[in-house]
Number of protein chains: 2
Amino acid sequence: MIEKVSLTGVAHELEEFWSQRVVGAGNGNLFKVAKGTGSTNWHSHHDQDETFVMLEGTLIVQLRDGDVELGPGDLLVIPRGVEHCPKAEGEARFLLVGPEITSNAAGGRPDWSRR
Amino acid sequence: MIEKVSLTGVAHELEEFWSQRVVGAGNGNLFKVAKGTGSTNWHSHHDQDETFVMLEGTLIVQLRDGDVELGPGDLLVIPRGVEHCPKAEGEARFLLVGPEITSNAAGGRPDWSRR
């Protein structure tokens, strides 16, 4: 059965910030929905590129050489090994594409976001 | 240099329907922007899954066991080998994720869309 997923619908169901819910998979990559507010910790993923596709709100991806501000319909690929620290003043909702869940393992997820 | 891409901005620049513009790459997959109107031909991709992320408009993905209607913020993964035939009454704009350009090689692109 091939079914669509409402990314914005899933994003509104999420209870935790900076946590990722897998909604699909293809060609070795997972499609993951997340929401953010405040800031993660600075971190990088040594083994995978991480792609953000913005759904709602504004996300500022801090990089060591400057910030990139993402709004709805924007895409940003963060190559493996590149340090980054996303933050949002309000609430930002986005799709992530990559082979694994990254928020828990890589140290980016802030302590306050855990249950 | 890590730069964001406005997917909707690129979609509005496209001159051809059912043609794909690569805007990024990560983990062996390409991020491709396309627009559609009318219908493609029925086709499948034997070697890759194809993921649609809708940006604007409505796209009806015809499958052999029924249609799936996609609106903004919807995601649909079409597993490799599954026959499909997207169509749009108006103009639909979307992101595709997969390891290669699929429109030209797989026979889905209709003759009228070529220059």
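## Strand pairing between the chains

Two strands pair if DSSP finds at least two bridges between them; strands are DSSP E runs of at least two residues and helices are H or I runs of at least four, numbered from the N terminus. In this predicted model, strand β1 of chain A (residues 5-6) and β7(B) run antiparallel, joined by 2 bridges. A:S6 stands opposite B:D74 in β7(B).

## Basis and confidence

Residues are numbered from 1 along each chain as its sequence is written, and chains are lettered from A in the order in which they are written. Local features need pLDDT of at least 70, side-chain atom pairs count only at pLDDT 80 or more, and totals for chains, interfaces and linings use all residues.

The average pLDDT (the predictor's confidence in each residue, from 0 to 100) of chain A is 92, and 93% of the residues score at least 70. The model has an ipTM of 0.91 and a pTM of 0.92.

## Symmetry and interface

Chain B superposes on chain A by a rotation of 180° with 0.0 Å of shift along the axis, at RMSD 0.0 Å, fitted by least squares on C-alpha atoms of residues with pLDDT of at least 70 in both copies. That is the relation of a two-fold axis.

Contact (C-beta atoms, placed from the backbone, within 7 Å) involves 33 residues from chain B and 33 residues from chain A. On the side of chain B that touches chain A, β7(B) gives the most, with 5 residues. Because 100% of the interface residues of chain B are also interface residues in chain A, the copies meet through the same surface.

How values were computed
Contact = placed C-beta atoms within 7 Å.
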